[in-house]
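Here is a short briefing on one chain. Look over the sequence and the fold before reading on.

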Amino acid sequence: MKKITLLLILVLSLSLFFSCKSEPYDSHVHKYEKVIYSLSEENKVLKTTICSCGAKNVEIVENAVVVTPETALSVLDSNNSGIIYFSEGEYKEELGIRHSKDASTAIKTSTNEKVDIQALNNETTGNYNYYRTVNNLTLIADENAVFTKDFKVRVGHIYGTADNKPKDPVRDIELVDTNTAFYSYIDIDGIKFYNMKFSEGARLYFHYSSLDCHAKNVEIERCSFTGLESSKEKTQAIKFNADITDESGRMFENLKISNCVIKTYNQGIYTQSLNNVTVSGCDISDVKHNAIAIQASQDKFPFTGSVLIDNNKIKNGSDRAIRFGVGENATIVVSNNTIEKTHDENNEVLKAQPLTNCTHEFVNNTYIGKTMKEVSEPNWIVSFE
Ligand SMILES: [Zn+2]
């Protein structure tokens, strides 16, 4: 038996060796890296991968739902997984993962009884809990699609006040107080945003508050965010706000932000209380406050896990390039970044609040034209001279 296995391995490896050798060889093996999506004349989504030599590979993306600015929200309201393709055009309406009769279920808050969500309407009063679960949802935008309003995911108690009257999209009513309101439960495991171009200060905004819900495995790739001069006052381009009011724990896990461009905001990337984050290949400029801020919620729910900030270009900011809040049990690596004219009034480029049981490394970063100096105690600070 052993001899046969060995012989099989030998034959397999030999055949593999010769099949490689006999393949047509055009100076290099194509490494398809750049990916562009487009629509065919038959309204099929095409994925084109391009090698640095110019060679292209085109394939059809099966089962992608193609939306327009007019249909985007209703399609988002009825799909908890799959691929949604935003065709060209200006998306002027706020989009997001919200509640709907198609995607959510409901219970009456006071009795904890399951109710038929289809039966709720604009005459239904009282408080309801709405539940929605999203798994492996991919959002891809056409090269000529632009988003001028926020994309939001909101978890928590949603009710009206004198100055804020949010909508209940299930009952199709405006909420004016707490007597008729809802608790939004949205659990996400796998959501990807690809090539979405946000403009006019629009944000990608996850706001999670107090309910035991999570957004895990979130990828934001090759997206761009262009703010207005007024966005520099208080707007964050990518925001993961863990507005924790109880001990329900960490809300965000495994966030990957890559090859994004962010320009003219108050902060570029702002996260709270997450476990594992990577920010790589991003280009962040003209931010008034921190370019990248990995924070704790209320200074007491720390970020944890692997934190990698690699190969980003940060320039023309008016405060620190990188800010860490309270961290615990984290492995922090800041590597291969190029920073230019981005520091606070003490020439600090990076600053951390107390890091408990964390390791941190600062390797191969460049502050254009200056020498950087690292101080580890009591706070981790990198400044230049
Ligand atoms: Zn090639």
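This is a predicted model: local features need pLDDT of at least 70, side-chain atom pairs count only at pLDDT 80 or more; totals for chains, interfaces and linings use all residues.

Residues are numbered from 1 along each chain as its sequence is written. The secondary structure comes to two helices and 37 strands. These are DSSP runs, numbered from the N terminus: helices are H or I with at least four residues, strands are E with at least two.

**Overall make-up**

- The C-alpha atoms fill a box of roughly 75 × 55 × 50 Å, taken along the principal axes.
- The chain has 385 residues, and 37% of them count as buried. A residue is buried if 20 or more other C-beta atoms lie within 10 Å of its own, exposed if 12 or fewer, and partly exposed in between; the C-beta atoms are placed from the backbone.
- Among contacts with a separation of 6 or more, 67% come from residues 24 or more positions apart. Contact here means that C-beta atoms, placed from the backbone, lie within 7 Å.

**Two domains**

- Domain 1 spans 30-62 and domain 2 spans 64-384. The bounds come from an automatic or database domain assignment.
- The domain centres, taken over C-alpha atoms, are 29 Å apart.
- Seven residues of domain 1 are in contact with nine residues of domain 2.
- Strand β1 (residues 34-39) gives the largest share of the domain 1 side, with four residues.
- That side holds five nonpolar residues, two polar and no charged. Nonpolar covers Ala, Val, Leu, Ile, Met, Phe, Trp, Tyr, Cys and Pro; charged covers Asp, Glu, Lys and Arg; the others, Gly among them, are polar.

**The β1-β2-β3 sheet**

- An open sheet of three strands runs in the order β1-β2-β3, with antiparallel pairing. Strands pair if DSSP finds at least two bridges between them.
- β1 and β3 (56-61) are the edge strands, and each pairs on one side only.
- Neighbouring strands of this sheet are turned by 25 degrees against each other on average, direction ignored. Axes are lines fitted to C-alpha atoms, for helices over the stretch in contact, and angles run from 0 to 180 degrees between N-to-C directions.
- Six bridges link β1 to β2 (residues 45-50). Val 35 stands opposite Thr 49 in β2.

**Parallel pairings around β20**

- Strand β20 (residues 236-242) has seven of seven residues buried, so it is largely enclosed by the rest of the structure.
- β17 (residues 204-208) runs parallel to β20 and is joined to it by five bridges. Phe 206 has Phe 240 as its bridge partner in β20, and Tyr 205 has Lys 239.
- Lys 239 also has a bridge partner in β23, Tyr 270. Four bridges join β20 to β23 (residues 267-272), again in parallel.
- β17 is mostly covered, with four of its five residues buried.
- Strand β12 (residues 151-158) is joined to β17 by five bridges, in parallel. Lys 152 stands opposite Tyr 205.

**Nonpolar cores**

- The largest nonpolar core has 83 residues; Ala 215, Ile 220, Ile 257, Ile 269, Ile 292 and Ala 321 touch the most other members. A core is a set of buried Ala, Val, Leu, Ile, Met, Phe, Trp, Tyr and Cys residues joined through C-beta atoms within 7 Å.
- Beyond its neighbours within four places in sequence, Ile 257 is in contact with Ile 220, Ile 238, Ile 269, Thr 278, Val 279 and Cys 282.
- A second, separate core of eight residues includes Ala 106, Ile 117, Leu 120 and Val 170.

Key
Two residues are in contact if their C-beta atoms, placed from the backbone, lie within 7 Å.
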